[in-house]
Amino acid sequence: MPRYEMLNNVAHRDLRVATGFGPEFGDAVGMVPAYPSEFAELQREYPIFLRRDADTGGWQSVALLGFEQHENLFLQGDRWNAAYLPGAAAKGPFLIGFQENHVDGALTREAVLHVDLDHPRVSAMEGEPVFLPQGGNSPYLEHVAGVLRGIHDGHAFAAEMFAALDANGLIQPVTLDVRIDPEHRIGVNGLHAIDRDRLAQLDGATLAALNRAGYLEGAYLMLASLHNMRRLIAEKQRRLRGQDAAAAAGRN
C-alpha cells in the first residue's frame, strides 16, 4: 500500500529517487494513463486508446505499452526505448495532493507535492536527490513538478473533452485481435477509440464547437497515434522470435 507524506525539505532532506527502469520499479505494465496535455508528444510513440474508469465510470485515456497485463514492450533492459516518457511513468513516487487552509475566513485548497515513501523508486542510498544540500528543489524535483502540473491540467480537461466526444458518438469500442505470426494471436479487451468515420460525418457547427473547446485536436491526435500499433507489433514479433530461437537452442 502507498504511504504518502507531504513533501518537505526537512523531513525528506536525504530523499533520493531511482530513475532507472525495470520491472522492479513497477514499469512492467501493459498500459499507463495518458493525459490530453501530452497527446502531442505521446502520439509520436504510443497508441492512445480510451477505457472506462472502474471507479468513476468516466473515460480514461491510456497509452498502450504491450499486449498483456505486465508486458511493456518499450522496456529494454534498464532502458525505456522511446523519446518521450509518459507523465504517469515520469512522475515516479510523487503526486499532487491538496491542503485546506483558511485565508481571511475563506476556505482554500492549495496544491502540494506528496511522496509515496513505500514506492520502489524511493531510496536514501541511491538515485537522484530530491533537494539540494541548502534545501532548495533539485533539478529532478523541478522536472517532476512540471510533469505533475501537466497531469493535473490534463486530468481536469480530459473529463469534459471525453464527455463531449462521447455525446457526439465519437467513442466506440475496438477489438484488438492481432495476429503476430501464424502461431501467435493476441487480443486486448475493454479498449475504445475515436471513430474516424463518425468524426468525418459531423456537421460544421459541431466540428466548430469541438474545435473552439480544444477537443478536436485531441481527437485527431488520438487517431494519428494508432499508427504506432505497427511498432508494437514489430517489437512483439522480434521478442517472440528471440524466445523461439532460445527455446530451439535449448533443445539442441
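The protein has seven helices and 15 strands. The model is predicted. Along its principal axes, the C-alpha trace spans about 65 × 60 × 30 Å. Of the 252 residues, 42% count as buried.

The accessible surface comes to about 14,000 Å². Carbon and sulfur atoms hold 50% of that area. The protein carries 23 positive and 32 negative side chains. The centres of these two sets lie 6 Å apart.

Next, turn to helix α6, residues 215-225. Eight of its eleven residues are buried, so α6 is largely enclosed by the rest of the structure. Among the buried ones are Y215, L216, L221, M222 and L223.

Move on to helix α7, residues 229-251. It has 23 residues and reaches 33 Å from its first C-alpha to its last. That is close to the 33 Å expected at 1.5 Å a residue. The buried residues of α7 are M229, L232, E235, K236 and L240. An α-helix has 3.6 residues a turn, so residues three or four places apart point the same way. The cover over the buried residues of α7 includes helix α6 and strands such as β4, β5 and β13.

Finally, find H119. It sits in the loop between β9 (106-116) and β10 (122-123). H119 has a relative accessible area of 18%. Buried means under 20%, so H119 counts as buried. A polar atom of its side chain lies 3.0 Å from the backbone nitrogen of R121. Leaving aside neighbours within four places in sequence, H119 is in contact with F25, G92 and P93.

How values were computed
Residues numbered from 1 in each chain as written. Predicted model: local features only at pLDDT ≥ 70, side-chain atom pairs only at ≥ 80, totals over all residues. Heavy atoms only, no water. Helix = DSSP H or I, 4+ residues; strand = E, 2+ residues; numbered from the N terminus. Buried < 20%, exposed > 50% of the residue type's maximum accessible area, 1.4 Å probe, protein only. Polar contact = N/O pair within 3.5 Å; in protein donor to acceptor, adjacent residues only side chain to side chain. Contact = heavy atoms within 4.5 Å. Expected span 1.5 Å × (residues − 1). Areas by Shrake-Rupley, 256 points an atom, 1.4 Å probe, with all protein chains shown as cover. Lys, Arg positive; Asp, Glu negative; His and termini not counted. Charge placed at Lys NZ, Arg CZ, Asp CG, Glu CD.
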